[in-house]
Number of protein chains: 2
Amino acid sequence: MTLTILGNNSALPAFDRHPTAQIVSVGSEVILIDCGEGTQIQMQLYGQKWRKLNHIFISHLHGDHYFGLPGLLNSMSLLGRTQPLNLYAPIALQAILDQMMLAADSQLNYSLHFHPLTAGEASLLVENKSFSVKSFPVEHRIDCHGFLVEEKSPHGRKLLPEKCREYQVPTYFYHRIKNGEDYERNDGFTVKSEWVTIPALPGKKYAYCADTRYTESFIQHILHTDLLYHESTYLDEEAEKAAQRFHSTSKQAAKIAKVAGAKKLLLGHFSSKYKDLQPFQEEASEIFSNVRVSKEGECYEI
Amino acid sequence: MTLTILGNNSALPAFDRHPTAQIVSVGSEVILIDCGEGTQIQMQLYGQKWRKLNHIFISHLHGDHYFGLPGLLNSMSLLGRTQPLNLYAPIALQAILDQMMLAADSQLNYSLHFHPLTAGEASLLVENKSFSVKSFPVEHRIDCHGFLVEEKSPHGRKLLPEKCREYQVPTYFYHRIKNGEDYERNDGFTVKSEWVTIPALPGKKYAYCADTRYTESFIQHILHTDLLYHESTYLDEEAEKAAQRFHSTSKQAAKIAKVAGAKKLLLGHFSSKYKDLQPFQEEASEIFSNVRVSKEGECYEI
């Protein structure tokens with residue numbers, strides 16, 4: 001699983017930094033998290049293929065997180081996309097997109113399945129053979145969600161022979177039940193694969209937390225991730241402004257990473273007032289050692 | 001009067017060419033015509049100041065002509081704009097912008113005056129001391145307007161002594177009436193400045209025609225311009241496709257320039273299928289000699 005940063009700035013593009021968008025590559029698919037203005041151009045620039053993209057997640061409806069979406073949706077249609085696309089976003093986005101299509105007297109050449117995010121609620125949004133994505137509420141000025149992407153173990157599952165014996169699974173079926181098949185006994189009882197197997201090695205976990213003020217209210221949803229992306233709009237000296245504007249500082253992001261037991265922290269969503277981002281690295285390091293300032297175009301191994 | 005091209009491509013960004021946007025600089029102001037995705041970034045890149053921008057014109061509601069507008073409007077607000085802004089666009093845009101502001105629970109810090117363009121009608125949209133802008137209908141798949149920007153003569157007006165004598169304006173008032181003041185006679189009759197003066201030298205004229213299929217229906221609105229920008233989405237071999245899609249070819253754009261008596265033609269709105277634009281230059285030159293392929297970032301003297 002990898003993460004590619006397409007944009008890591010807050011609302012105002014500045015110093016060649018773009019508004020938020022990022023690509024998580026997992027299995028044979030990519031997923032897009034947020035879609036600031038210019039995302040389709042950034043995708044071209046950094047070699048991200050829309051043909052692998054079937055799921056887009058929008059955290060909230062401040063423009064720097066979705067103004068690139070209408071253009072991307074249109075362009076994929078013009079480029080011949082026919083495969084369906086799933087969009088997970090606050091409900092108000094549906095009416096905005098509908099009105100835009102109506103004004104253009106246009107239709108997309110593919111099905112766009114809109115999945116509304118429920119304000120204030122955590123949900124399992126998608127689960128397939130390769131990954132799952134869950135949403136969880138963060139604390140911003142308007143409804144906003146973070147996302148947890150969990151990779152399914154690429155190493156398959158491990159058989160528990162003791163459990164197999166307990167459930168009377170015959171040895172000739174061990175190979176099949178290990179690969180996910182259920183076993184139906186002669187007495188009609190079905191033994192589920194997951195009762196007698198465990199993941200061989202856990203898949204990787206990535207959590208995206210933006211935009212939010214400092215809060216531990218969602219810690220339960222982001223425990224022990226391999227990589228945690230947390231917004232850090234401001235440096236520590238602007239902690240008061242950060243709180244007023246429902247944003248976080250470098251040190252607050254680091255504290256969340258520490259409390260949540262993250263393996264690594266990536267900082268982003270920088271205010272356009274900062275040209276030099278090195279102080280973010282330095283401040284966060286005081287609290288959490290394995291931290292990086294995100295960089296556009298960079299691909300991070302999760 | 002100058003024209004700076006911020007984007008000259010059609011719907012799909014390609015070969016580092018962006019969707020349509022252009023800045024006309026006239027007097028101490030700039031005006032923006034169309035606002036494709038990324039316009040605010042292109043404005044930064046090419047040193048265009050939003051503080052001089054008081055009028056934005058949107059030709060039609062296909063996304064490549066306005067998807068950069070919400071971001072630009074927001075950014076100007078965040079950057080502290082308080083001066084009012086005039087937006088001239090098809091009426092459906094107003095509801096789209098309103099819904100976006102509602103979803104973001106935000107308001108602009110300045111007044112946005114929305115002036116709807118009337119479908120199928122030509123209108124005088126704005127007239128001030130420096131310039132006027134008129135709209136005229138072109139022929140596209142949805143309602144679409146071209147724009148004519150006319151500079152007010154920067155050389156003031158020329159006195160007609162014969163007319164002054166006829167209207168009994170005393171010679172001591174000649175200087176003032178030449179500079180635009182009206183003269184009130186002793187008998188109470190007011191002599192208007194424009195009755196006894198004419199423009200010293202005519203101002204420059206710039207016409208923008210995009211997107212449109214080949215038609216001479218709007219020629220009357222673009223006669224004898226100093227610069228004519230006409231879309232040429234396709235080369236001549238794609239004339240049939242151009243007609244079907246309500247677009248024009250290189251040769252058709254050149255023919256319009258010839259019929260309208262333009263001094264100079266600038267081509268734009270190129271399909272993303274063309275990497276090399278030199279053939280546009282060559283084809284158009286066969287019909288109209290003073291032609292240029294527009295280039296992003298280039299500033300053209302009008």
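Which residues touch the most other members of the largest nonpolar core? They are Val24(A), Leu265(A), Val24(B) and Leu265(B), in a core of 142 residues. A nonpolar core here is a set of buried Ala, Val, Leu, Ile, Met, Phe, Trp, Tyr and Cys residues joined through C-beta atoms within 7 Å. Buried means 20 or more other C-beta atoms within 10 Å of the residue's own, with C-beta atoms placed from the backbone.

A word on the source: this is a predicted model, where local features need pLDDT of at least 70 and side-chain atom pairs count only at pLDDT 80 or more, while totals for chains, interfaces and linings use all residues. Residues are numbered from 1 along each chain as its sequence is written, and chains are lettered from A and ligands numbered from 1 in the order in which they are written.

Now strand E14 of chain B, residues 205–209; strands are DSSP runs of at least two residues, numbered from the N terminus. 5 of its 5 residues are buried, so the strand is largely enclosed by the rest of the structure. Lys205(B), Ala207(B) and Cys209(B) cover one side, and Tyr206(B) and Tyr208(B) the other.

E14(B) pairs with two strands, pairing meaning at least two DSSP bridges. With E9(B) the sense is antiparallel, over 4 bridges, and Phe147(B) stands opposite Tyr208(B). With E15(B) it is parallel, also over 4 bridges, and Cys209(B) has His230(B) as bridge partner.

How values were computed: Buried ≥ 20, exposed ≤ 12 C-beta atoms within 10 Å, placed from the backbone.
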